[in-house]
Amino acid sequence: MTTTSLLPRRSVLRVLTGAAALGGAAAASVRVPGSAAFAAEPETERKTEPETERATEPETYTLTIRHLGRDGRVPTRYRTSVTGISGPGAGRSAQPHDASGTASVRLPGGRYLLESSLWTDRVPDGTDWIVQPRLDLDRDTTVTVDARTTAPVDVTPPDAAAAFLTGGMFIEVTHGGATRMASIVKATPTLRTAHLGPEAEAGSVRQWYDSYWRTRTGGYALGRTFSGTRALTGLTHHYATAELAALELRALARPDRDGAPAGTAGIDLSPTLGPAAGPSVGASWSVPVPGTATLFVTPQRGAWDLVYTAPAAPGTRPNRYFVDGLAVRAGSTTTHTFEGPVTGPALTGRAGVERDGDVLTVDLPLLADGDGHVPTAPSFDTAWAGLHRDGVLLHARSGLLDRATFTVPPGPAPYRLAATVARRGATGATTRVNVSWTFRSATTAGPVPVPVSVVRFSPGLGPDGTAAAGSPMRVPVTVQGAAAGGRVRSLTVSMSADGGRSWTVLPVHEGAVTVPNPAAGSTVSLRAELTDTDGNTLDQTLVDAYRTG
């Protein structure tokens, strides 16, 4: 099953911003003399004040737009929008329409963006999208929008059997320090485009085109960007595999969660919205759980955002995992595994601890999956956290350590932040994460990061989330946070095969430890004790981190 998704998160914000710029700007300004000047005028001149104000209103002109279909006749249907970019008409927007195909509107002078969609009732004919990025309205003007000037948009993936999902073209025009946008989104590949009118200034026209395709094992996200003086008249590009980057997305069933369904997970993909990437429409794919989907994307479009939605047990909220700003390069393969062990604390994105004055803000995900993806609705049975100052408990709370705030006394002092979370798995065993951080902190003049760290374990597990029993396994160990980048004074890693009752120290060699996996059906617990170069410490225990099979 595949569906078209509107833009995830930042994409939605960017589109709303563009819409506000198009439709929410103020009307053409009218210069109003200052009150002091009016006060100095004689009484007889005050009576003519309305005429004076009318004289300062911007002059308006008639814009006439003729619409012609591909057969040279009036199109069956059309939609035209004219939006002011700069000058007296800045912010004005109009959608002139007349059944005769010739529509007129009177507007203040200035620079405008005109875009028009023309289509017929014959579905195979598709849509003609004609854009005039530079329309200087300084006199009565007639413009002819002619579908016969368009050329096809012909962008295809290497797999001829791939099915088209959706596509979108976006244009951004800048003039006089202002920017306006226009777009068209299509559920069929039958789109033709054309530039209309004179060229705009160099670099003032930016354009994006994205199309999404489905295959039996995943799909394609093909995006291109353009910059220049004109809107696109057609676009042809038949991609070769060598031009694309592969995203291998592995969906695992959670072996440590009771009631975790198999079913189907959802994957949403869209280009990152930012200065380099611009706006876009996104698309969704489905992947069986457990299963793998491979999506091929274009590096030329910039970075990509990914949202993974895991299947949910009845009556529970689904977990969503956000992967923002995936940078890719042609020929590369990037693998992301979702809902896989080892679950534990992670310091990715904006996660961490911050002090602002005498308030500590804590956002420490304790149940990130094996790749460090943070779930939006992690399941657990019990969770508790406490903040100590000079050995005295200041605050205690139930629940996880996400978006928690603690008010602390002013001045410097040693602190200990401790947290524990437990949940019963499908096997009946209870997995547990216990973490304790110590650090020194004092009153700050503004937001300052507090030095905390975590340790990530990344064993190579099978599709069912288990490790091969009875054989040694290399487990990479990664430090995140304040101690990363060579700021570790000491690090001790231990393992337990009896649920944490006894521990065996494992030497850390070249960023990894070797775990002697116990017999099938057993669990492996992992512990890390770390001190950074400033004396801040971490004690982290993952009870029943993974199972053997």
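## Ground rules

Buried means under 20% relative accessible area, exposed means over 50%, and partly exposed is whatever sits in between (1.4 Å probe, protein chains only). This is a predicted model, where local features need pLDDT of at least 70 and side-chain atom pairs count only at pLDDT 80 or more, while totals for chains, interfaces and linings use all residues. Residues are numbered from 1 along each chain as its sequence is written, and side-chain values use heavy atoms, with hydrogens and water left out.

## Salt bridges

Let's start with the charged pairs. A salt bridge here is a side-chain nitrogen of Lys or Arg within 4 Å of a carboxyl oxygen of Asp or Glu, and the structure holds 16 of them. Take Asp539 and Arg527, whose closest N and O atoms are 2.9 Å apart. Asp539 belongs to strand β38 (residues 537-548) and Arg527 to strand β37 (residues 523-532), so the pair ties together parts 12 residues apart in sequence. (Strands are DSSP runs of E, at least two residues, numbered from the N terminus.) Asp539 is partly exposed at 28% relative accessibility, and Arg527 is partly exposed too, at 22%.

Glu201 and Arg134 also pair up, with their closest N and O atoms 3.9 Å apart. This one links distant parts of the chain: Glu201 is in the loop between β12 (191-195) and β13 (205-215), Arg134 is in strand β7 (residues 127-137), and they are 67 residues apart.

## A buried arginine

Now for Arg456, in strand β31 (residues 453-457). Arg456 is buried but has no salt bridge; Asp369, the nearest side chain of opposite charge, is 5.1 Å away. (Lys and Arg count as positive, Asp and Glu as negative; His and the chain ends are not counted.) The Arg456 side chain does reach the backbone oxygen of Pro345, at 2.8 Å.

## The largest pocket

On a 1 Å grid over the protein atoms alone, a pocket is an open set of points with protein on both sides within 12 Å along at least five of seven lines, and lining residues have an atom within 4 Å of a point. The largest pocket holds about 890 Å³ of space, a volume being the space filled by probe spheres set on the points, which are joined across faces, edges and corners.

Its lining has 29 residues, with Phe322, Thr348, Asp363, Pro365 and Val374 nearest the centre. Strand β21 (residues 320-326) gives the most to that lining, with three residues.

Key: On a 1 Å grid over the protein atoms alone, a cavity is a set of points where a 1.4 Å probe fits but cannot get out, and a pocket is an open set with protein on both sides within 12 Å along at least five of seven lines; lining residues have an atom within 4 Å of a point. Helices (H or I, at least four residues) and strands (E, at least two) are DSSP runs, numbered from the N terminus. A polar contact is a pair of N or O atoms within 3.5 Å; within protein, one must be able to donate a hydrogen and the other to accept it, and residues adjacent in sequence count only if both atoms are side-chain atoms.
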